[in-house]
Every structure is written in C-alpha cells, then in structure tokens.
Amino acid sequence: MLLSFFIVVYLYTCSLGSDSDRGKGWKASPDLVDKLMKRDPTIIYQEEKVPQYTLPDPLIMSDGSKVADAQMWQTKRRPEILELFRTHVYGRAPIGRPKDMTFEVFDLDRNALSGLATRKQVGVSFTSKKDGPYMDILMYLPNAAKKPVPTFVILNFAGNQAIHPDPAIKLSKSWMRQGSVGVVNNIATEQSRGREYSSYPVEKILKRGYGLATIYYGDIDPDFHDGFSNGVQGVFDKLVDGKRAPDAWGSIDAWAWGLSRAMDYFETDGDINSKRVVVIGHSRLGKTALWAGAQDERFAMVISNDSGCGGAAISRRRFGETVERINKSFPHWFCENFKKYNSRENALPVDQHMLIALVAPRPVYVASASDDLWADPRGEFLSCKHADPVYRLLGLDGLEVQEMPGLDQPMQKGKIGYHIRSGGHALTEYDWQRYMDFADVHLSALR
Ligand code: GTR
C-alpha cells in the first residue's frame, strides 16, 4: 500500500519534472552549442546541464486542493494563477478601459495597396490630454473578405511606418532605440519606412482573408529604464509614500495593457471581427502577447514567436537566458518582486507553462527557432506540454504530441500549436503561414 503510494508520487513528480523531458525529439546543433559556450561558458546550452526541477502543478490550488473540474479551473485556479503572475512576475496594470480614453480615425483609405486593402489609422488617447500618452493603431483589412474580418494584432519594434513601404503610414514620433536603420537622435526618419517589411508579409496576410493591426510598442512605454516616469506608468501609477509598489506594472505589463486598449477600439469598429482577434508577438513582444492573451479573454487566439525567458520558456530550466540575466539586462520589463527570483527559480510559485494554460480553452500557438538557443526552444515546447493537462480537463485536445517534434513539422491539430522552424531568432513568413493555417482551423471552429 505504502509502496504503491510512493510509486504514484514518484511517477507524478517525474511527469512534472525534468527527467522525462530530457533529450527527446529535436536536438540543438552541437556546433552551435560549442560556439555559444565558447562565447559565454556561464550560460547553460546543454541539456545535461539543466538542473533537476519540479514544476508547480497548474491543477493544484495553492492550498493543496486539486482542481476537480472545468468550473473550478475557471472560477478558482485561473484567477489564482493570474494573481500569482501579477504579484511575482509582470506586475499589476490598472483594470479596464481608462474613463477618458478616446479614439480618432485620422486616416481611412478604402483603396489602399492598389485596392487590396482598406487602410485605417486610429489615434488612441489614453487620457483627456491630447498630447499624450497616446498610441497609433495602423490597420490593413482585406477588401475581398466579408466584413467583419478576423484580424491579427501585433506590437512592432520600429514604428508603424517600418512594417510596410506604404508612404501614407504616419511616421512615428515616439522615442526609438538608436542603432537601427533610419533612426536619428532616437527618432524615426523617412529612411526607416518599410525596414521591417520582411517580418510583416502584409499582402500575403490580406490574401488569406485576415486583417492586420499594428502598434509601435514604444508609444505605450518607451523601452528603456527611466524609473517609469515616461509612458503609461508615469500617468496612471499611484505611488505610496512617493514609491512604486513591488508589484507595480513593468513594461511588459504596460505593453500588454496597450493591446487590451487596442481591443477596446476593435470592439467599436464594424470592419473588424472583435470575436476573432488574434494577439501575436515576437521575442519580448511574444512575452507580451502571451501575457495580454492570458489576462484578456477577448483575444480569441494567442501566438508567441520566439518569446523565450519570461515568455513561453520554463524558467526553472535556466537554459539560455535566465531570470537573473533578464532582470539585470532589462530591469524595467517585469515587476520589482520578480528580482527576488534571480537564481531562485524554484521558489517561484508559477512557471511559464501556467502562462500558456491561462489561455485555455482558447487556442494558443508557441513557436521556436532552431538557432535561437538563448530562448530555449525545448523549454518553450515543454511549457506547451505541461499546459496540456489544463486543456484536457476542459475536455479539449491540447498538444497533439508528448515529445518535441522535428524541425519544420508544425503540430496544429490540438488547441495548443507548436513548431520549431529552422533558422534564427526572427518572425518570418514561414511562421506567419503556420499561424494562419492554425487560425483557419481553430478560429472558424469558434462559435
Ligand atoms: C533579448 C532578450 C530576450 C528577447 C530579445 C528581444 O536581448 O534577452 O529576452 O526578448 O531581446 O526582444 O529581441
């Protein structure tokens, strides 16, 4: 009796821990591993160096009780996990739509891109002050499709004008990082137009019947650490004794909040099917898309492209970028409390599989790239695998495989999609085509 109890506990721990996760399916190129290890031997790039860990179980409440059914997940455990992520990882944004927020459609061309699309540009003022902070939403909607159209929304890194050479796109006036093409004195110039076009195959998206909406993430919060005086935190923060709370919102939370404000707009636009909005993001903005989709159930589908640490990758693996590294390099991305977990990932009450699980029952897609070891492809896959039991509890197929697939073999049948693409850290047309394949199946299945 006692023995069988221990066997059950052992098997259960293994199913959540690292042992069963090692070394199956896709493997990183040994040459690449060698090269990266030479560059920085302190970083884990080999599976055998991944420490033992046990993941928190998404289906066990903090008080130890088991999540018995879908209702308990939805009403008890899901809110509990959201609170844990707010308190310990991303911080806490103001709830809901700001009361003085306004939308202004300042550009509408129903014959854009040689008649392929309707282009709209909307200014969103978060407060009654028109001089900021505000964000501009750029939208291309396919003219050939029946309205309202399902639409992908994505934050971009370099201003709306960088996603397409269309000269009618408003040139961003927001702060931008130096060092990229067309940025002078931290402001975008005409030379920056279309420079990120390869990551946004606009015409191909339109031809498949989807709209695309995009916003420059720096409109919401400029991506540098200024003590949170600029961006939306500077406007909405409530300081206690002149100080921010340890769970005050970091930049990722602010960007995610901005995506929800875009959703507020979509709900007012009859051309967009607000019940079929897919939130997608790459890298730090993939982390953001996951967190936005986890919190805001109005997003019908969620996509993480190469999001890595603090996104889809399991933090406890410490593979590639770690909690400590990310907090040191980007002290403004997460809430202050997250820094307590530098080199103490096992003390976190959550791990990133629980972020994926928060999207349930909605479809979620995680993608990795074979050369992007910094983002820990296997750790991203394992989050999907360990989120799967939540989908199963809800009576849905989650991930269709238990072991990591090979390169360029998308797994799309269940509500959790996954692929590992050959190549480096990027959002490519291959990725987009797979996301649209997934959306074709899972968005049309929505009632
Ligand atoms: C890296 C960072 C990653 C990832 C990436 C990006 O420097 O370490 O977490 O987010 O930036 O956003 O491009």
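Biologist: Which residues are around the ligand?
Modeller: S283, R284, K287, E321, I326, F330, W333, W374 and H425, where being near takes a heavy atom within 4 Å. Keep in mind that this is a predicted model, with local features needing pLDDT of at least 70, side-chain atom pairs counted only at pLDDT 80 or more, and totals for chains, interfaces and linings using all residues. Numbering runs from 1 along each chain as its sequence is written, and side-chain values use heavy atoms, with hydrogens and water left out.
Biologist: How does the shell around the ligand divide into nonpolar, polar and charged?
Modeller: Four nonpolar, two polar and three charged.
Biologist: And how far is the E321 side chain from an oxygen atom of the ligand?
Modeller: An N or O atom of E321's side chain sits 2.5 Å from a ligand oxygen. For K287, a polar side-chain atom is 2.8 Å from an oxygen of the ligand, and for the W374 side chain the N or O to ligand oxygen distance is 2.9 Å.
Biologist: How much of the ligand does the protein bury?
Modeller: 79% of the 320 Å² that the ligand exposes when taken alone; the areas are Shrake-Rupley with a 1.4 Å probe.
Biologist: Switching to S307: where does it lie?
Modeller: In the loop between β9 (301-305) and α9 (323-329). Those are DSSP runs numbered from the N terminus, H or I of at least four residues for helices and E of at least two for strands.
Biologist: Why does S307 count as buried?
Modeller: Because its relative accessibility is 1%, and buried means under 20%, exposed over 50%, partly exposed in between (1.4 Å probe, protein chains only).
Biologist: What does S307 contact beyond its neighbours within four places in sequence?
Modeller: S283, G286, K287, L290, A312 and E380, with contact meaning heavy atoms within 4.5 Å. S283 and K287 are also among the residues around the ligand.
Biologist: What about M72, buried or partly exposed?
Modeller: Partly exposed, because its relative accessibility is 22%. M72 is in helix α3 (residues 70-90).
Biologist: Which residues is M72 in contact with, leaving aside those within four places in sequence?
Modeller: M61, S65, K66, V67 and R77. As for L59, it is 13 residues from M72 in sequence and 9.6 Å away in space, C-alpha to C-alpha.

Technical notes
Polar contact = N/O pair within 3.5 Å; in protein donor to acceptor, adjacent residues only side chain to side chain. Nonpolar A, V, L, I, M, F, W, Y, C, P; charged D, E, K, R; others polar.
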